[in-house]
Amino acid sequence: MSLSKGNTNKKMGLTARQKAIIEILTKFTATNPVTISTISEKLKLSSRTILREMPDIERWLSENNFKFIRKPGVGLVLEESLENQKKILKLLDVETVQKLYSKEQRRKFLLGELLATKEPRKSFYFTSKFKISEGTLSNDLDVLGKWLSTYQIKIIRKQGLGIYLEGTEENYRQAIANVVYDFMEEKEILSLLSGHHAAEDAPKIEIYSHNKLLHFLDERIVKVVEQLLSETEQKLKIKYTDSAYIGLVVHISLAIKRIQNLEKIEMEQQKLQKLLLTPEYSVAEEIAQGLSEQLDVEIPADEIGFITMHLLSAKIWFSDDDTIFFDKKNNVRELIKNMIMLVEQELGVSLKENEELYEDLIQHILPAISRLSMNVHIKNAQLQTIKQNYASIFDATAKACELLKTEIAVKEVPETEIAFIAMHFCAAVEKLYSKQKQFCVAVVCPTGMGTSRMLAANLAKEFYNLEICCILSALHIDTQKLAEEGIDFIVSTVELDICYDYVCVSPVLTEQDKMLLTEMMKKAEKTKAMKPTAVKQKNTVKYTTKQDIMYMTNIGIEIIQLLEHLRFLMIQHTVDIWGIFPLAGRMFTKEKEKADNVTAALQNREMKAETYISSLEIMLFHCRTKEVNHCRFGYIGFREPFSRKDGTGWVKGAVVMLTPEYGTGVCLEVMSTISSALIENTELITYLHRLDQEAFALALEKYLGQYYQKTLYHLHHLKKIL
């Protein structure tokens with residue numbers, strides 16, 4: 001019997017979202033109207049999304065004879081008695097809720113369906129299930145087709161027949177096993193394999209898709225495989241990581257299930273003969289025998305060969321007795337030696353004497369070769385961290401892995417494997433540089449504001465053993481103070497007339513600059529060896545002082561001032577940079593005298609040392625001036641970039657940075673931070689070249705916000721540890 005008023009049939013179903021909106025209307029509009037914005041806030045959805053759902057909600061309420069009223073300027077109201085409100089809630093409880101799938105969830109389901117059966121499925125089956133168009137289905141199949149192509153499996157779409165997959169049994173097994181890694185988190189897989197199912201309140205599609213992806217496995221088979229693997233740990237004196245364990249359970253359990261379904265796999269006899277000589281093969285035979293006895297299934301030699309390869313790809317050795325693996329290690333020693341040499345060349349470091357690195361790579365690459373040969377994927381939670389924090393080492397390792405790819409004849413080495421190998425190189429490089437002398441340097445430019453910070457960023461990227469201790473203006477160098485602070489030498493963008501070791505380089509380091517710096521470091525190392533080591537007094541300050549508070553307040557004020565006064569300007573074309581200075585002078589003042597003063601200050605700075613940054617294709621106009629009271633940043637873009645007269649590059653625009661003439665060091669620090677950001681954050685330069693002020697402002701605000709947080713953290717952290 002229907003719970004609706006006077007209607008025995010519900011005409012339409014509801015989505016989970018629509019059901020949630022009706023619940024809010026029922027519970028909250030009895031006393032006061034509810035606005036769209038209130039509903040969107042409660043459900044964490046946009047107002048536009050709520051408005052899109054309202055026509056279907058009104059239709060459902062109307063079909064069930066409930067009175068819904070829109071009150072313009074007031075809100076939404078369900079004018080029903082308390083008894084009818086209860087009826088609505090009861091009706092919602094029995095209402096069949098339509099499934100809403102995200103793009104990722106939908107593709108999980110599609111992939112599970114396609115791999116579960118080789119029989120064609122009509123496209124209507126998928127479009128009706130997901131309420132999607134043929135175009136959306138086609139896009140999903142394109143994405144999944146690209147993923148499946150890695151395993152040499154094709155998605156076949158034939159009009160009148162349907163959609164199905166085409167590939168070998170080996171291809172299928174690799175894809176089915178790896179779909180678990182690519183579409184599920186390790187903790188989810190472990191939970192499912194151990195029998196801990198999803199929570200009752202978990203989304204139904206999640207439970208369904210997990211079952212669909214893992215229905216290839218049998219719970220009884222999984223338990224038997226787990227028991228047998230536990231026994232192999234004792235026999236091989238090894239311990240599997242979670243990733244290795246999951247891979248073995250999934251692959252072996254899948255193999256048994258496929259054998260039971262009469263799906264056979266064949267291995268090249270030459271490869272099988274090689275595997276027969278490994279100690280893992282005998283262990284694989286014992287596993288196969290145990291599977292045969294407990295599951296009443298015959299395991300052919302080809303299947304034992306594949307189990308052997310999985311054992312090879314997943315083990316971690318704890319035993320110190322390496323004699324039985326000596327021959328295998330010798331086969332890869334030359335490869336590893338060449339990989340290390342290539343990384344050395346790329347990074348400009350010496351790793352030849354690092355025996356620990358050799359042995360670690362041997363232990364890692366032996367199972368990695370098996371994984372790559374079988375196209376077995378593994379997860380690496382540190383992938384993004386390695387790529388971001390150790391980009392140069394990751395890139396160098398990727399080039400070295402080209403040798404590995406050639407050696408074992410595979411199409412590619414996945415980034416996850418590259419990152420694992422890179423981690424060994426990261427450890428070796430960090431250890432190397434921790435032993436090297438660290439040089440404390442001061443970076444100098446005419447103003448101590450623009451090019452000096454860019455130079456500092458480039459020095460940090462190119463030389464691990466240079467510590468940038470301070471950034472100074474060429475007009476304010478106190479050599480006695482530098483000596484007292486232990487500054488080994490100065491790196492300057494301009495020639496200096498001082499009695500102190502320094503090297504003059506360009507803001508973007510050339511090869512000649514790097515050679516000069518290397519020579520200066522050799523000289524500084526000899527000087528340091530002759531000096532007694534100074535004992536630094538420990539600072540006992542452990543609290544935040546008034547000066548600290550003022551310092552952070554001033555930083556905040558300058559950041560806000562700068563962001564609120566950003567200026568962008570586009571000009572059609574110019575023949576040289578000297579015609580741009582008057583425009584730059586007028587960016588932050590309309591008074592002619594002040595504009596002329598700013599123009600003159602910028603020109604004087606440019607005459608001391610050119611501010612062209614070749615890698616960014618911009619000019620970096622900057623100066624101190626009495627005509628501003630706070631930091632200012634502007635950009636002049638050229639619709640038609642012009643070529644420099646000396647033919648050394650193109651100029652796409654000019655950055656304009658101004659600081660107060662008698663401002664505090666905070667102003668210089670903020671502007672120097674922005675100069676560094678232009679080097680470190682490529683999207684900022686992209687937005688400048690596009691003259692996209694809104695995007696640039698948002699990106700710069702984020703960067704400066706992070707700088708503010710780091711400064712505050714370091715201020716307190718350093719006081720805490722001193």
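Val-491 stands opposite Val-503 in strand 10, in a predicted model where local features need pLDDT of at least 70 and side-chain atom pairs count only at pLDDT 80 or more, while totals for chains, interfaces and linings use all residues. Residues are numbered from 1 along each chain as its sequence is written, and side-chain values use heavy atoms, with hydrogens and water left out. The chain has 29 helices and 15 strands, where helices (H or I, at least four residues) and strands (E, at least two) are DSSP runs numbered from the N terminus. Of its 722 residues, 47% count as buried, a term that means under 20% relative accessible area, with exposed meaning over 50% and partly exposed lying in between (1.4 Å probe, protein chains only). Among contacts in the chain with a separation of 6 or more, 71% are accounted for by residues 24 or more positions apart, contact meaning heavy atoms within 4.5 Å.

- Four strands form an open sheet in the order 8-7-9-10, with parallel pairing, two strands being taken to pair if DSSP finds at least two bridges between them.
- The edges of this sheet are strand 8 (466-473) and strand 10 (502-504), each of which pairs on one side only.
- On average, and with direction ignored, neighbouring strands of the sheet are turned by 25 degrees against each other; axes here are lines fitted to C-alpha atoms, for helices over the stretch in contact, and angles run from 0 to 180 degrees between N-to-C directions.
- Strand 7 and strand 9 run parallel and are joined by four bridges, and Val-441 stands opposite Phe-489 in strand 9.
- Strand 9 (residues 489-492) also pairs with strand 10 in the parallel sense, over three bridges, and here Ile-490 stands opposite Tyr-502 in strand 10.
- Helix 21 (residues 451-462) lies across strand 7 (439-445), strand 8 and strand 9, and runs at about 150 degrees to strand 7.

**Cysteines**

- The count comes to one disulfide, under the rule that a disulfide is a pair of cysteine sulfur atoms within 2.5 Å.
- This disulfide joins Cys-440 to Cys-469, with an S to S distance of 1.8 Å.
- Cys-440 lies in strand 7 and Cys-469 in strand 8, so the pair ties together parts that are 29 residues apart in sequence.
- Of these two partners, Cys-440 is buried, with a relative accessible area of 13%, whereas Cys-469 counts as partly exposed at 34% relative accessibility.
- Cys-504 counts as partly exposed, at 24% relative accessibility.
- Cys-631 is in no disulfide, and the nearest cysteine sulfur, that of Cys-667, is 4.1 Å away; Cys-631 is buried, with a relative accessible area of 0%.

**Packing of helix 27 with helix 28**

- The axes of helix 27 (residues 665-680) and helix 28 (residues 682-690) come within 5 Å and cross at roughly 90 degrees.
- The two helices, helix 27 and helix 28, are therefore roughly perpendicular to each other, on a scale where angles under 35 degrees count as roughly parallel, over 145 as roughly antiparallel, 65 to 115 as roughly perpendicular and the rest as oblique.
- Helix 27 contributes Ala-677, Leu-678 and Glu-680 to the contact, and helix 28 contributes Thr-682, Leu-684, Ile-685 and Leu-688.
- By class, the contact of helix 27 with helix 28 has five nonpolar residues, one polar and one charged, where Ala, Val, Leu, Ile, Met, Phe, Trp, Tyr, Cys and Pro count as nonpolar, Asp, Glu, Lys and Arg as charged, and the others, Gly among them, as polar.

**Positive phi values in loops**

- Most residues other than glycine have a negative phi.
- Asn-65, found in the loop between helix 3 (47-63) and strand 2 (68-71), has a positive phi, near 65 degrees, and is partly exposed, with a relative accessible area of 36%.
- Asp-296, placed in the loop between helix 14 (279-295) and helix 15 (301-314), likewise has a positive phi, near 55 degrees, and counts as exposed at 73% relative accessibility.
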